[in-house]
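Good morning, everyone. Let me put today's chain on the screen, and then we'll walk through it together.

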Amino acid sequence: MKVDILCEGKVIGSSNLDPVDPPMGVAGGLLVPAPDYDPRLHAYVIDGDDNKLSKSAEILARSDEYGMLVCAGVGIEDFNETLQEIHVTVLGIAYPEYKTFFGAHALYKAYWHNED
């Protein structure tokens, strides 16, 4: 599912989320940073080191199809310097929304192969 990642109303990146841990409502993917992305302001990990974020800098995920994702939180791990990758994780997406978002995805189906 394609999403924009936002902080303080600005798009700081985008990602194609995959279902990572269906029972926990976790989705994740690689972040494609936008010009307003700054790892010091948005990533809680930078190349393996903890980065203290401002509590006021809430990070959100928004889909064109579904709107703002209701979840427990969004986190960014920036390994751009060492691995040339930035990861975004969306935590605690509730059901039935999680199934709506990812029910047709092969990874979701593989996890819940006995469902329905």
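Is Cys7 buried or exposed? Cys7 is buried, with a relative accessible area of 5%. Keep in mind that this is a predicted model.

Now, what about Cys71? Cys71 counts as partly exposed, at 27% relative accessibility. From the sulfur of Cys7, the closest cysteine sulfur is the one in Cys71, and it is 13 Å away. A disulfide needs the two sulfur atoms within 2.5 Å. So 13 Å is too far for a bond. The structure holds zero disulfides.

Next, the overall layout. The chain has four helices and 10 strands. Along the sequence, the pattern reads β-β-β-β-α-β-β-β-β-β-α-β-α-α.

What share of the 116 residues is buried? The figure is 38%. Now contacts. Take those between residues at least 6 apart in sequence: 51% of them join residues at least 24 apart.

The accessible surface comes to about 7,000 Å². Carbon and sulfur atoms account for 54% of that. As for charge, there are 8 positive and 19 negative side chains. The centres of the two sets lie 5 Å apart.

Let's finish with the backbone. Here is the background. Most residues other than glycine have a negative phi, and most peptide bonds are trans. With that in mind, look at Glu8. Glu8 is not a glycine, yet its phi is positive, about 55°. Where is Glu8? Glu8 sits in the loop between β1 (2-7) and β2 (10-16). Glu8 is exposed, with a relative accessible area of 61%.

Gln84 is another case. Its phi is positive too, near 55°. Gln84 lies in the loop between α2 (80-83) and β10. Gln84 is exposed, at 56% relative accessible area.

One last stop. Which peptide bond is cis? The bond from Tyr95 to Pro96 is cis, with omega near 10°. Find Pro96 in the loop between β10 (85-91) and α3 (97-102).

That's my tour. Over to you for questions.

Definitions and conventions. Residues numbered from 1 in each chain as written. Predicted model: local features only at pLDDT ≥ 70, side-chain atom pairs only at ≥ 80, totals over all residues. Heavy atoms only, no water. Helix = DSSP H or I, 4+ residues; strand = E, 2+ residues; numbered from the N terminus. Buried < 20%, exposed > 50% of the residue type's maximum accessible area, 1.4 Å probe, protein only. Contact = heavy atoms within 4.5 Å. Areas by Shrake-Rupley, 256 points an atom, 1.4 Å probe, with all protein chains shown as cover. Lys, Arg positive; Asp, Glu negative; His and termini not counted. Charge placed at Lys NZ, Arg CZ, Asp CG, Glu CD.
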